[in-house]
Amino acid sequence: MNEWVMIGVPTSAGAHHAGQELAPDALRAAGLGDRLAQAGVAVTDSGNLPGAVFATDHVSPTARNLAAVARVAGEVADAVAKVVSTGQIPLVLGGDCTITIGAVAGLKRRHADGGLIYVDGDADLGVPGDGGSDSGILDSMGISHLLGRGAPELTALGGHAPLLEASRLAILGSDPRETDDGGRAFLADAGVSFQEAPALIADPAFAAQRALAKVTSTSSRFIVHFDIDVVDSGDLPLGNFPHYGSGVLLDHAVAALRVLRSHPSFAGLVVTEVNPTHDPIGSELSRLVSGLTSALAS
Amino acid sequence: MSEWVMIGVPASAGAHHAGQEVAPEALRAAGFAHRLYRAGIGVTDSATFPVPCSPPDGDGAIPSVAGERVPRLLPPWEAGYALHYGRSNQQDGFDGNV
């Protein structure tokens with residue numbers, strides 16, 4: 001059995017505001033490591049990377065905190081590459097979604113054909129300076145940067161762009177209200193596997209299998225990005241950016257994750273968007289830890 | 001000059017998620033009342049209303065911190081947040097009166 005290595009990435013640099021930088025330690029305090037060990041999952045904790053805290057950025061309103069986001073993504077790439085090269089499985093605890101750009105870069109240092117299954121409430125198709133991305137929040141632009149659209153500091157994180165070929169990407173669970181027709185057309189033209197929340201709700205295991213079929217047809221290894229905001233905030237109000245009404249339950253996400261991590265080509269998991277300040281008594285963190293434990297246990 | 005009366009309402013029941021219920025205490029801890037006072041604004045701090053924070057529907061109400069101003073230890077993630085912003089890891093015992 002491969003051993004998991006927990007990598008904390010205390011960053012909110014790419015987010016709408018601070019808060020997510022507290023997530024790795026909050027997940028530890030909620031017993032994630034102990035719960036996994038009790039469930040028979042071999043896991044070690046490599047501690048936290050330096051990370052970064054969101055700061056108001058008046059200089060770069062179309063790509064806020066870009067330097068910090070790129071620095072952290074680079075640190076994540078180094079850490080993930082190190083773990084993957086030993087045959088272990090990284091469990092990356094974010095942190096905002098931009099860390100997945102680094103995780104993919106790290107995977108690809110070892111597996112050039114590495115792929116990604118992106119389980120997220122959003123397709124994250126924003127581009128700096130694009131009219132649809134006026135917020136300048138890089139957290140909402142991860143897929144674009146992975147596919148080569150956006151700031152060179154991120155698109156070239158792996159040494160060349162695109163960092164990820166569209167044929168090695170599957171997006172699963174995003175809220176249909178968050179993607180416009182232009183975004184759908186872009187993904188379809190690129191050949192990205194794109195299944196939205198209704199597909200995940202209807203049959204989580206089947207949706208996961210479809211994503212696997214797409215990514216493993218081109219990739220010998222893949223990692224999974226799990227943004228907890230794929231879960232309807234009415235069920236789990238812990239995500240940094242609320243998504244109410246998608247209908248996706250934590251149970252749906254866990255069922256899909258269980259299928260994904262069971263695949264022999266599975267190479268790591270990135271957990272993002274946990275904001276502990278939304279959970280003063282820790283009840284939602286506890287539910288999330290239970291869900292993750294259930295998904296990762298054999 | 002009319003005197004201002006500060007009324008804390010630690011509520012997040014109508015919000016997207018919890019968090020806002022800590023705002024009155026955070027504003028006090030950030031020195032809001034003292035800053036007003038130093039700026040020549042007469043202000044007193046009344047008791048904080050007991051209002052529940054935001055639990056998911058069906059989980060029942062969560063007792064608030066309201067009313068009595070008893071210092072409390074913060075959970076680890078709140079403590080980290082507090083330390084990041086230079087606050088003590090205990091709520092101060094400020095009695096609400098300037």
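This is a predicted model: local features need pLDDT of at least 70, side-chain atom pairs count only at pLDDT 80 or more; totals for chains, interfaces and linings use all residues.
Is A:Arg184 buried, partly exposed or exposed?

1. A:Arg184 turns out to be partly exposed, with a relative accessible area of 26%. Partly exposed covers the range between under 20% (buried) and over 50% (exposed), so 26% lands in that middle class.

2. Now look at who A:Arg184 pairs with. A:Glu196 forms a salt bridge with A:Arg184, and the closest N and O atoms are 2.8 Å apart. This pair links distant parts of the chain: A:Glu196 sits in strand 6 (residues 193–196) of chain A, while A:Arg184 belongs to helix 7 (residues 181–190) of chain A, 12 residues apart. A:Glu196 has 16% relative accessibility, so A:Glu196 counts as buried. Why can such partners pair up at all? Side chains of opposite charge can do so when their charged atoms come close.

3. Next, have a look at helix 1 (residues 23–29) of chain A, which holds both A:Arg28 and A:Asp25. The two residues are three apart, about one turn of the helix, and their side chains meet in a salt bridge with an N to O distance of 2.9 Å. A:Arg28 is partly exposed at 21% relative accessibility, and A:Asp25 is partly exposed too, at 44%.

4. Then try chain B. There, the side chains of B:Arg28 and B:Glu25 meet in a salt bridge, 3.6 Å from N to O. They are three residues apart in helix 1 (residues 23–29) of chain B, so about one helical turn separates them. Both B:Arg28 and B:Glu25 are buried. Back in chain A, salt bridges that share partners join A:Asp25, A:Arg28 and A:Asp45 into one network. Over all chains, the count comes to 12 salt bridges.

5. Finally, a helix pair. The axes of helix 9 (residues 204–216) and helix 10 (residues 250–261), both of chain A, come within 8 Å and cross at roughly 40°. That angle makes helix 9 of chain A oblique to helix 10 of chain A. The crossing is right-handed.

6. Which residues meet where helix 9 of chain A touches helix 10 of chain A? From helix 9 come A:Pro204, A:Ala205, A:Ala208, A:Gln209 and A:Leu212, and from helix 10 come A:His252, A:Ala255, A:Ala256, A:Val259 and A:Leu260. Sorted by class, this contact has eight nonpolar residues, two polar ones and no charged ones.

Key:
Residues are numbered from 1 along each chain as its sequence is written. Chains are lettered from A and ligands numbered from 1 in the order in which they are written. Side-chain values use heavy atoms; hydrogens and water are left out. A salt bridge is a side-chain nitrogen of Lys or Arg within 4 Å of a carboxyl oxygen of Asp or Glu. Helices (H or I, at least four residues) and strands (E, at least two) are DSSP runs, numbered from the N terminus. Buried means under 20% relative accessible area, exposed over 50%, partly exposed in between (1.4 Å probe, protein chains only). Axes are lines fitted to C-alpha atoms, for helices over the stretch in contact, and angles run from 0 to 180 degrees between N-to-C directions. Angles under 35 degrees count as roughly parallel, over 145 as roughly antiparallel, 65 to 115 as roughly perpendicular and the rest as oblique. A crossing is left-handed if the near helix is turned anticlockwise from the far one by less than a right angle, and right-handed if clockwise. Contact means heavy atoms within 4.5 Å. Ala, Val, Leu, Ile, Met, Phe, Trp, Tyr, Cys and Pro count as nonpolar, Asp, Glu, Lys and Arg as charged, and the others, Gly among them, as polar.
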